[in-house]
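Visitor: I am new to this structure. Please pick one part and take me through it closely.

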Amino acid sequence: MQTILFHETIFGPIHSRRLGTSLGVNLSPVDGKICSFDCIYCEAGYNAQGPGKAGLPPRATVCEKLEEKLKDMTSKGEHLDVITFSGNGEPTLHPDFAGIIDDTVALRDKYFPEVKISVLANSTQLHRPDVVKALRRIDNNILKLDSAVDSTITLLDRPASPSFTAAKIIDEIAVFGDKAIVQTMITRGTHDGKTVDNSTPEEIEALIEAYRRIGPREIMLYTIDRPTPERSLVRVPRTELEAIAARITAETGIPVQVSA
């Protein structure tokens, strides 16, 4: 079933629970999904829907469309907090990701110099030096870590790479230290007959150890907000997220933003 969210390369602005007024950049096809994860909670649906026929947007097209939108917003005096790379799949998979970031920084500086640039990345491409270098150039380098337990993160995120492990991804995120923001989805349910729950005390303890290892600037805890491909998943109450956040901050000293 086709459930992709965004049918444009530049979309919005929209209101983001975590970032404010956000102009979106979708580096995936406008008619399909390409991702190195196949998360059971992904609002854009499963990868099985296919990559579509449009292909990845060329760097020049992204630049042209982004400038057109920023120029229009400036002329109208519209408000903007952030330019956010997200969309129908993993933005860092785009072969010209680093060049697109260079273009975006230049356009931001020209039209909205106070606006932040954010990338919502799933952390699977941090072995690529060009991606790491590009992520160091932006304001909000938001990297996914849904669990520090292999069985749980594999069940939740369903990584494409057979060599994927929680330890590997934690080590790669840790390279950024306080230049990273770590984003963790908290949910529970079942998938393929297996219980999935990354809110248990054991899971949170493992995440706390990972957060200590990474030392990020901030942690973002959130839960599901829209229908998910795995229909058994449930929204974790804000009070529970806040209790988890309080424990994390107490044990690590790292500030935690809760979205529910």
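Guide: Start with S199, which lies in the loop between β8 (194-197) and α6 (201-214). Keep in mind that this is a predicted model. S199 has 11% relative accessibility, so it counts as buried, the cut-off being under 20%. Its side chain makes two links. The side chain of S199 is in polar contact with that of R188, at 2.7 Å. A polar contact of 2.5 Å joins the S199 side chain to that of D197. Leaving aside residues up to four places away in sequence, S199 touches I186, R188, I204, E240 and I244.

Now turn to α1. Helix α1 covers residues 59-75, which is 17 residues. At 1.5 Å a residue, α1 should span 24 Å, and its end C-alpha atoms are 24 Å apart, so the two agree. Within α1, V62, L66, L70 and M73 are buried. They cover an arc of only 60° around the axis, which puts them on the same side of α1. The general rule is simple: an α-helix has 3.6 residues a turn, so residues three or four places apart point the same way.

What covers that buried side? The cover over the buried residues of α1 includes β1 (10-16), β2 (20-26), β3 (82-86) and α2 (97-111). Look at the face turned away from the buried side. There α1 carries the exposed residues A60, E64, E68, K71 and S75. Just after α1 comes G77, with a positive phi of about 70°.

Notes:
Residues are numbered from 1 along each chain as its sequence is written. This is a predicted model: local features need pLDDT of at least 70, side-chain atom pairs count only at pLDDT 80 or more; totals for chains, interfaces and linings use all residues. Side-chain values use heavy atoms; hydrogens and water are left out. Helices (H or I, at least four residues) and strands (E, at least two) are DSSP runs, numbered from the N terminus. Buried means under 20% relative accessible area, exposed over 50%, partly exposed in between (1.4 Å probe, protein chains only). A polar contact is a pair of N or O atoms within 3.5 Å; within protein, one must be able to donate a hydrogen and the other to accept it, and residues adjacent in sequence count only if both atoms are side-chain atoms. Contact means heavy atoms within 4.5 Å. The expected span of a helix is 1.5 Å times one less than its number of residues. The arc is that of the directions from the helix axis to the C-beta atoms.
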